[in-house]
Amino acid sequence: MTRVNQAVIDMRSDTITRPTDAMREAMARAEVGDDVYGEDPTVNRLEAMAAEILGKEAAVFVPSGTMGNLISVLSHCGRGEEMILGDNAHIFYYEQGGSAAVGGVHPRTVPNLADGSLDLATVAAAIRGNDEHFPVTRLIAIENTHNRRGGTVLSVEYMDALGALAHERGLLLHVDGARIWNAAVALGVTPARLLENADTVSACLSKGLAAPVGSVVAGDRDFIRRARRMRKQVGGGMRQAGVIAAAGIVALDEMVDRLAEDHARARVLAAGLDELDGVSVDLASVQTNLVYFDVTRPDMTALDLATALTREGVRVIATGPQRLRAVTHYHISGEDIETALAAVPDVLARDSFEKGDGIVYG
Ligand code: TLP
């Protein structure tokens, strides 16, 4: 059953989403100016809107989530200072060690628990004492939702407790909120409430919200002033960026509430996969739009399964030797989920298959 002339069901990531018609329309009409001079009215509008939604004094528009995290960490920590973060954090795992490479910031990892959280006592114990042997601990960074733990959602209570711990110990709390919108929708709270006790956040517009490019970083005015300088230093000053910020405004206006549909489809996908012989899913981890699953057929790797599914027009990624990830998003319909679920047992039942080819993201 090889799919012919049918659109590919691409569940590698929600980053693959394309801009909506409303976004393209807004982009075509966007009023622009030079944003490095602070004169792009559309960027200014997006930043004001993001600051309000995220509950912070100010915000800055940046090209990517990776740059958002980088300039946040570099605006909080000096060279040789330390950031505490999870051993499966995107900042630690997937950003080329940028904060160490560019900013000389020392990462101190503690284990991410199954729900994506960091144990508070372990974090407290990792904070350095005042001694010249040690780097100075400045920052705690947390991820919500947590990508490598399955798109898991950290609760308001947990976020508050982590913020309180950071502040009691004189530290700052940064949130990698690439998918903070998914967390807020899953919890039924506003992003502002979820982030109330965090100092700064980087939130992506170009994942589930379907904007073509861009993230926003939010925090207090002084932090955002430093972050703007840092953005320029790493080459992220974007001139007539209103053309892309216009899509970000539509993303915030129109695309947040519908994330609940992606979450529902992810649950259907996860439940369907879990019923199949040869794969298993930790259903408790499926709380938003990410579905991690393991191939349990002994002679098949995650890359073998991903490669075979690609031939059937269903794209997922391998994130470990036996682990795969499928992501629901704006372009994945209920029918696509049914089609994907039908393709998997077909592939798993084959006596022989080609060896997998490509990259394991883990
Ligand atoms: N994540 C991508 C890949 O890099 C793995 C994906 O497909 O999920 N924080 C988190 C939690 C992320 O998941 C990502 C992207 C980023 C930051 C970086 O965002 P971008 O890709 O805009 O630099």
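Student: In this predicted model, what is the handedness of the crossing in which α2 passes α11?
Tutor: The two elements concerned are helix α2, residues 41-54, and helix α11, residues 242-254. The crossing in which α2 passes α11 is left-handed.

Student: Are α2 and α11 roughly parallel or roughly antiparallel?
Tutor: The axes of α2 and α11 come within 8 Å and cross at roughly 30°. Angles under 35 degrees count as roughly parallel. Therefore α2 relative to α11 is roughly parallel.

Student: Which residues of α11 are met by α2?
Tutor: On the α2 side, the contact is made by Thr42, Val43, Arg45, Leu46, Met49, Ala50 and Ile53. By class, the contact between the two helices has nine nonpolar, three polar and two charged residues. The α11 residues met are Gly242, Ala245, Ala246, Gly248, Ile249, Leu252 and Asp253.

Student: Which element gives the most to the lining of the largest pocket?
Tutor: The largest pocket holds about 790 Å³ of space. At least two lining residues come from each of α3 (65-76), α13 (302-311) and β12 (317-318). The element that gives the most, with five residues, is α13.

Student: Which lining residues lie nearest the centre of the largest pocket?
Tutor: The lining of the largest pocket has 37 residues. Those nearest the centre are Arg12, Ser13, Ile317, Arg325 and Tyr361.

Conventions:
Residues numbered from 1 in each chain as written. Predicted model: local features only at pLDDT ≥ 70, side-chain atom pairs only at ≥ 80, totals over all residues. Heavy atoms only, no water. Axes fitted to C-alpha atoms, helices over the stretch in contact; angles between N-to-C directions. Helix = DSSP H or I, 4+ residues; strand = E, 2+ residues; numbered from the N terminus. Parallel < 35°, antiparallel > 145°, perpendicular 65-115°, else oblique. Left-handed = near helix turned anticlockwise from the far one by under 90°. Contact = heavy atoms within 4.5 Å. Nonpolar A, V, L, I, M, F, W, Y, C, P; charged D, E, K, R; others polar. 1 Å grid on protein atoms, 1.4 Å probe; cavity = no way out; pocket = protein on both sides within 12 Å on 5 of 7 lines; lining within 4 Å. Points joined across faces, edges and corners; volume = space filled by probe spheres on them.
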